[in-house]
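Thanks for coming, everyone. I'll keep this short.

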Amino acid sequence: MSISVFDLFKVGIGPSSSHTVGPMRAAYLFAARLRGAGALGRVAGVRCELFGSLGATGHGHGSVPAVVLGLLGEQPHLVDPAATGPLVAAVRTEGSLLLAGKHPIAFDVDTDVVLHRAATLSFHSNGMVFTALDADGDVVDRREYYSVGGGFVLDEDETGRPVLREAEVPVAHPFATGDELLTRARAAGLRISDVVLANEASWRPEAETRAGLLHLWSVMRECVERGASTEGVLPGGLRVRRRAAAMRRRLEQDAAAGHDTQPGDHVALWALAVNEENAAGGRVVTAPTNGAAGIVPAVLHHAAQVLPGFSDDHVVRFLLTAGAVGMLFKRNASISGAEVGCQGEVGSACSMAAAGLAELLGGTPEQVENAAEIGIEHNLGLTCDPVGGLVQIPCIERNAVASMTAVTAARIAVRGDGAHHVSLDRAIRTMRETGADMSVKYKETARGGLALTVVEC
């Protein structure tokens, strides 16, 4: 397989992988391109144009400040979330920025970042155009970029080739479909996680893969702890209250009083905590996107709570298995809400988490594939209709519900024999076809569904 588990699970900041992480990365790449070409000294100004879904919801999804941060030379996995606001505010106040962190240029956030709310570039709905100009207004460089979901960014030279190119070093067990993954696992007598771990060896030693996955788990745990400890109101005009901290407090009080609490209560708490952090612009792990970032960590926290002898190896196997399923969605459909609706984000994440839990529950490869299929089947047709263009309503609660669906899917699957009528491949294909049929107003544009039902205050 030509995609690594670390392509799917990436550290970034909220609120959106395709609308925040992607534009920040694109702006960083453009600035780095100018620096690498020795052209920084010629640049007097930069203009960024956002199209399609980015243009429609760029303010609510943090795309505008993300572009500013990227041009400053900041990267999603390295930037301090607490510093992002002051950095952008300083650019607004001073009317200038240090391009690539080195070269001062004039920059007006309100006029140099243009949101085209109705226009769309041909390749993908999340399109961007960056233009660098000299002091005479002549073009120094111009580049198109596309944020294709989960923080993946393509530039104009990559749009004519497959998004996922063949790996330069062949992997041990190549697979492009769920059926191929099952065939490889059966032939080698391996678990799904073993297949992916062997493939990751094409990029790095096993010890580095394990260490990297455990680092992601540490970021997930930190995110849950922050989210479950922070009170207040989320940014944006909706003034949505953060609920995770109060929910945690009530659960702790119930436990101290000897009252029964249900595992589902904690699963919901962990998902809410992550997605409230994401909505607040905090640090999260895209899994596979920011809008669906709460599902995989919530289900993994559930596994840590209920499985005896839970260890680092459980974490590694869970994330490898979830990653295998995510690879299938990325390759054969989409994980972009702007392309296929929320079924591509929450649906994919639910499927991934269900597979990971089934693996830890001792599921066979067939049972793991069944769990993944159940996870996506009951999210088919899910629209992306964020109220006010913010990743808050219905996104935060949707992660909690999908997390519990993933737990249910895994438990159904491991109590069966793995045989089922609809394969994961067919469900993924159905998701892709449903997304193609879905009206654009339900694809992260805030022009349909709940986005029109609820009036932003």
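First, the ground rules. This is a predicted model, where local features need pLDDT of at least 70, side-chain atom pairs count only at pLDDT 80 or more, and totals for chains, interfaces and linings use all residues. Residues are numbered from 1 along each chain as its sequence is written, and side-chain values use heavy atoms, with hydrogens and water left out.

Annotations next. UniProt, in an unreviewed entry, gives "domain: Serine dehydratase beta chain" for residues 4–158. That span is 37% helix and 28% strand, and its end C-alpha atoms lie 18 Å apart. The unreviewed entry also gives "domain: Serine dehydratase-like alpha subunit" for residues 188–451. Here we have 62% helix and 2% strand, with the end C-alpha atoms 49 Å apart. UniProt positions follow the numbering used here, feature names are shortened, and annotations may be inferred rather than shown by experiment. Helices (H or I, at least four residues) and strands (E, at least two) are DSSP runs, numbered from the N terminus.

Now helix H11, residues 263–279. Its 17 residues reach 25 Å from first C-alpha to last, close to the 24 Å expected at 1.5 Å a residue. The expected span is 1.5 Å times one less than the number of residues. Of those 17 residues, 14 are buried. Buried means under 20% relative accessible area, exposed over 50%, partly exposed in between, with a 1.4 Å probe and protein chains only. Just after H11, Gly281 has a positive phi of about 85°.

How enclosed is H4? It is largely enclosed by the rest of the structure, because 8 of its 9 residues are buried. Among them are Ser63, Val64 and Leu71.

Helix H2 (17–36), helix H4 (63–71) and helix H5 (81–94) each supply at least two residues of its lining. A pocket is an open set of points on a 1 Å grid over the protein atoms alone, where a 1.4 Å probe fits, with protein on both sides within 12 Å along at least five of seven lines; lining residues have an atom within 4 Å of a point. Of the 25 lining residues, the closest to the centre are Gly14, Pro15, His59, Gly62 and Pro65.

Last, the strand residue. Val139 lies in strand E7, residues 139–149. Buried or exposed? Val139 is exposed, at 51% relative accessible area.
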